[in-house]
Amino acid sequence: MTAKQTLPDPHTLGLQALAWLASDEERLVRFLNLSGLTPRGLRATATQPESLGAVLDYLLAWEPLLISFSEELGVAPEIIAHTRQRLPGAPLLN
């Protein structure tokens, strides 16, 4: 990432990621199964910073999913990783 690149708003990016997951039933079901959330639970926590961070963590944990999301959004995967750092519960980057 260069110094001139601006990171997106982390809450907006998390919501975009959640909407992207929800736009495909197979992706959403996999996320719900792995996270242990129900659709109702997901709606209840969707705007909490920790939950949005968890959505980004989910994308960052599986490269094919991350690449697909980043291509659709037009944002480099590295930008997503750096933006994730601005939400609570982020793992440390090496």
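Let me start with one residue. D24 is partly exposed, with a relative accessible area of 30%. On this scale, buried means under 20%, exposed means over 50%, and partly exposed lies in between, with a 1.4 Å probe and protein chains only. D24 sits in the loop between helix 1 (10–22) and helix 2 (25–35). P8 is 16 residues from D24 along the chain, and their C-alpha atoms are separated by 23 Å.

A word on the source. This is a predicted model, in which local features need pLDDT of at least 70 and side-chain atom pairs count only at pLDDT 80 or more, while totals for chains, interfaces and linings use all residues. Residues are numbered from 1 along each chain as its sequence is written, and side-chain values use heavy atoms, with hydrogens and water left out.

Now the whole chain. How many helices and strands does the protein chain have? Six helices and zero strands. Helices here are DSSP runs of H or I with at least four residues, strands are runs of E with at least two, and both are numbered from the N terminus. From the N terminus on, the order is α-α-α-α-α-α. The radius of gyration is 13 Å, close to the 12 Å that the globule rule gives for 94 residues, so the chain is as compact as a globular protein of that length. That radius is taken over C-alpha atoms, and the rule is 2.2 Å times the number of residues to the power 0.38. Along its principal axes, the C-alpha trace spans about 40 × 25 × 20 Å.

Of the 94 residues, 34% are buried. The chain exposes about 5,800 Å², and carbon and sulfur atoms supply 55% of that area. Take contacts, meaning heavy atoms within 4.5 Å. Among those between residues at least 6 apart in sequence, 64% join residues at least 24 apart.

L65 lies in helix 5. Its relative accessible area is 7%, so L65 counts as buried. Which residues does L65 touch, leaving aside those up to four places away in sequence? They are W20, L21, R27, Y58 and L59. Take R27: it is 38 residues from L65 along the chain, yet the two C-alpha atoms are separated by 9.0 Å.

Now the salt bridge. The structure holds one. The term means a side-chain nitrogen of Lys or Arg within 4 Å of a carboxyl oxygen of Asp or Glu. The partners are D57 and R84, and their closest N and O atoms are 2.7 Å apart. This pair links distant parts of the chain: D57 is in helix 4 (residues 49–61), R84 is in helix 6 (residues 77–84), and 27 residues separate them. Are the two partners buried or exposed? R84 is buried at 2% relative accessible area. D57 is partly exposed at 27%.

R43 belongs to helix 3 (residues 39–45). Its relative accessibility is 62%, so R43 counts as exposed. R43 and L59 are 16 residues apart in sequence and 18 Å apart in space, C-alpha to C-alpha. G74 is in the loop between helix 5 (63–73) and helix 6. G74 is exposed too, with a relative accessible area of 65%. From G74 to L52 it is 22 residues in sequence and 19 Å in space, C-alpha to C-alpha.

Definitions and conventions: Areas by Shrake-Rupley, 256 points an atom, 1.4 Å probe, with all protein chains shown as cover.
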